Amino acid sequence: QVQFVESGGGLVQPGGALRLSCVASGNIFSILDMGWYRQAPGRQREWVARITPGGYIEYADSVKGRFTISRDNARNRADLQMHSLKLEDTAVYYCNADKNGDGLYSWGKGTLVTVSS
């Protein structure tokens, strides 16, 4: 099993920024495609961003230009830096190994991001 622990969420104002962190268990992190996902209130989970072991990065159109995904294989960590946050970014954010835009392993608890005045 690979387990993921997300952190860094909180309450921010529109236009603000947050950095989310994901730490994975085990010793295969470095060969996994990693992704960030989010689930807004009343909505299905959606894919946000992915990064491959080789550093290839893709973003959903809704966050492109505002969010940055990165990884540190030495620390089994994948981060999501979020800027210019909007009300519609409010969601529980999850990380996971990515397979075609969906999580490969069991989902963790996620971390809640609330964008509000």
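Is the disulfide of Cys 22 and Cys 95 right-handed or left-handed, and why? Here are my notes on that and a few other things.

1. First, the ground rules. This is a predicted model, where local features need pLDDT of at least 70 and side-chain atom pairs count only at pLDDT 80 or more, while totals for chains, interfaces and linings use all residues. Residues are numbered from 1 along each chain as its sequence is written, and side-chain values use heavy atoms, with hydrogens and water left out.

2. Now the opening question. The torsion about the S-S bond of Cys 22 and Cys 95 is about 75°, so this disulfide is right-handed. Cys 22 sits in strand β3 and Cys 95 in strand β9, so the pair ties together parts that are 73 residues apart in sequence. The S to S distance is 1.9 Å, and a disulfide here means two cysteine sulfur atoms within 2.5 Å. By that rule the count is one.

3. Both Cys 22 and Cys 95 are buried, meaning under 20% relative accessible area with a 1.4 Å probe, protein chains only.

4. Next, the sheet. Strands (DSSP E runs of at least two residues, numbered from the N terminus) pair if DSSP finds at least two bridges between them. Four of them make an open, antiparallel sheet in the order β1-β3-β8-β7. At the edges are β1 (4-7) and β7, each pairing on one side only.

5. Look at β7 and β8 together: six bridges join these antiparallel strands. Phe 67 has Met 82 in β8 as its bridge partner.

Definitions and conventions: Helix = DSSP H or I, 4+ residues; strand = E, 2+ residues; numbered from the N terminus. Buried < 20%, exposed > 50% of the residue type's maximum accessible area, 1.4 Å probe, protein only.
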